[in-house]
Amino acid sequence: MTMFDDLKGKKILVTGSTAGIGLEAAKLLAGAGAKVAIHGSRSPEAAQSVLEQFTSDGEVAYFQADVCSSAECKDLVEAAADYLGGIDVLVNNAGGLGGRNGLESIDDDFFDKVVDLNIRSVVMVTKYAIPFLRRSAEESGETSSVISTGSIAAREGGGPGASLYGGSKAMVHNLHRNWVKEFTKDNIRFNTVAPGTIDTAFHEDKDQGTRDKISGTIAMGRFGTSEEVASAYVYLASHAMSGYVTGQVLDVNGGQMCP
Ligand code: NAD
């Protein structure tokens, strides 16, 4: 088996994989032969068109859950593990801006929405996945892997009205550093992919002028694509490729600088 066959038959849950970065990561993982649980908030009927995009050898099935709810996070992990026959790799990608509000406009509802979507989701999905990841490592003698989607906003603070979003992603980065201390004895690795500015629905509220201004802050002079981020997840999922890599933040941002 070469390094590049390493993901064949691996059992992988990717949250937030009906669109954007998560969808492209799931496609690449399935294309590498993994069995992938696809997840999102849309109905199974509405997800049919997503599943039709998977033409590779890997197997996929769709699971609906609102990851803002701890109970739904638990049900999602259990349903996915049931389908996959365990979990070797967890990708915590579901997340988002949740809207924009300057500090003086932040109320409890907005606070809960952004924090639940970006932090509760990662904490609870990971919590319920740990027994499966631990078992995967025990049985295979290899590491299992958790990969979460952080953000350039975690380092530079986030755009206008995105303080809670940027702060939530900073917490995601830091949670992983703690979990490395708690779970390395169980052979579970934790890494974060921190995208820069990637052309997805995330930026649909921006006009061309704003997009051009942002592009000017990126060394490569343009937004990235979801496909360009997806391979980072494949690398971090694979024990053969990244078995000695844990506690890292992998920036995929075309040279977009942050302080
Ligand atoms: P996207 O909107 O295309 O994808 C978001 C995914 O999350 C979708 O699959 C959606 O179904 C899912 N999701 C959102 N809310 C959910 C909920 N409550 N319950 C279940 N699923 C939910 O956006 P994207 O840009 O691909 O974002 C993916 C991740 O990347 C997010 O965590 C986002 O914060 C992060 N990110 C994006 C960028 C960027 O520039 N696009 C930059 C840094 C980080």
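Modeller: First, a word on labels: helices (H or I, at least four residues) and strands (E, at least two) are DSSP runs, numbered from the N terminus. This is a predicted model, where local features need pLDDT of at least 70, side-chain atom pairs count only at pLDDT 80 or more, and totals for chains, interfaces and linings use all residues. Residues are numbered from 1 along each chain as its sequence is written, and side-chain values use heavy atoms, with hydrogens and water left out.

Biologist: Is Lys10 buried or exposed?

Modeller: Lys10 sits in the segment before β1 (11-14). Buried means under 20% relative accessible area, exposed over 50%, and partly exposed in between (1.4 Å probe, protein chains only). Lys10 has a relative accessible area of 19%, so the label is buried.

Biologist: And which residues is Lys10 in contact with, leaving aside its neighbours within four places in sequence?

Modeller: Contact means heavy atoms within 4.5 Å. With those neighbours set aside, Lys10 is in contact with Ala34, Lys35, Asp88 and Glu142.

Biologist: How many disulfides does a search of the whole structure find?

Modeller: A disulfide is a covalent bond between the sulfur atoms of two cysteines. Here the test is a pair of cysteine sulfur atoms within 2.5 Å. For Cys68, the closest cysteine sulfur is in Cys73, and 8.1 Å is too far for a bond. Across the whole structure, the number of disulfides is zero.

Biologist: Which label does Cys73 get, buried or exposed?

Modeller: Cys68 is partly exposed, at a relative accessible area of 24%. Cys73 has a relative accessible area of 0%, so Cys73 is buried.

Biologist: Which residues does Val77 touch, its neighbours within four places in sequence aside?

Modeller: Val77 belongs to helix α3 (residues 70-84). Its relative accessibility is 0%, so Val77 counts as buried. Leaving those neighbours out, the contacts are Leu13, Ile87, Val125, Tyr128, Ala129 and Phe132.

Biologist: Now the helix pairs: how are α1 and α8 oriented to each other?

Modeller: Two packed helices are described by the angle between their axes and the distance between the axes. Axes are lines fitted to C-alpha atoms, for helices over the stretch in contact, and angles run from 0 to 180 degrees between N-to-C directions. The axes of α1 (residues 20-31) and α8 (residues 226-237) come within 8 Å and cross at roughly 55°. Angles under 35 degrees count as roughly parallel, over 145 as roughly antiparallel, 65 to 115 as roughly perpendicular and the rest as oblique, so α1 and α8 are oblique.

Biologist: What residues make up the contact of α1 with α8, by class?

Modeller: From α1, the residues include Leu28 and Leu29, and from α8 they include Val229 and Tyr233. Ala, Val, Leu, Ile, Met, Phe, Trp, Tyr, Cys and Pro count as nonpolar, Asp, Glu, Lys and Arg as charged, and the others, Gly among them, as polar. The contact has nine nonpolar, three polar and two charged residues.

Biologist: How does α4 lie against α6?

Modeller: The axes of α4 (residues 108-140) and α6 (residues 163-183) come within 10 Å and cross at roughly 20°. That makes α4 and α6 roughly parallel.

Biologist: And by class, how do the residues of the contact of α4 with α6 divide?

Modeller: Phe110 and Arg134 are among those from α4, while Trp179 and Lys169 are among those from α6. The division is 15 nonpolar, four polar and two charged.
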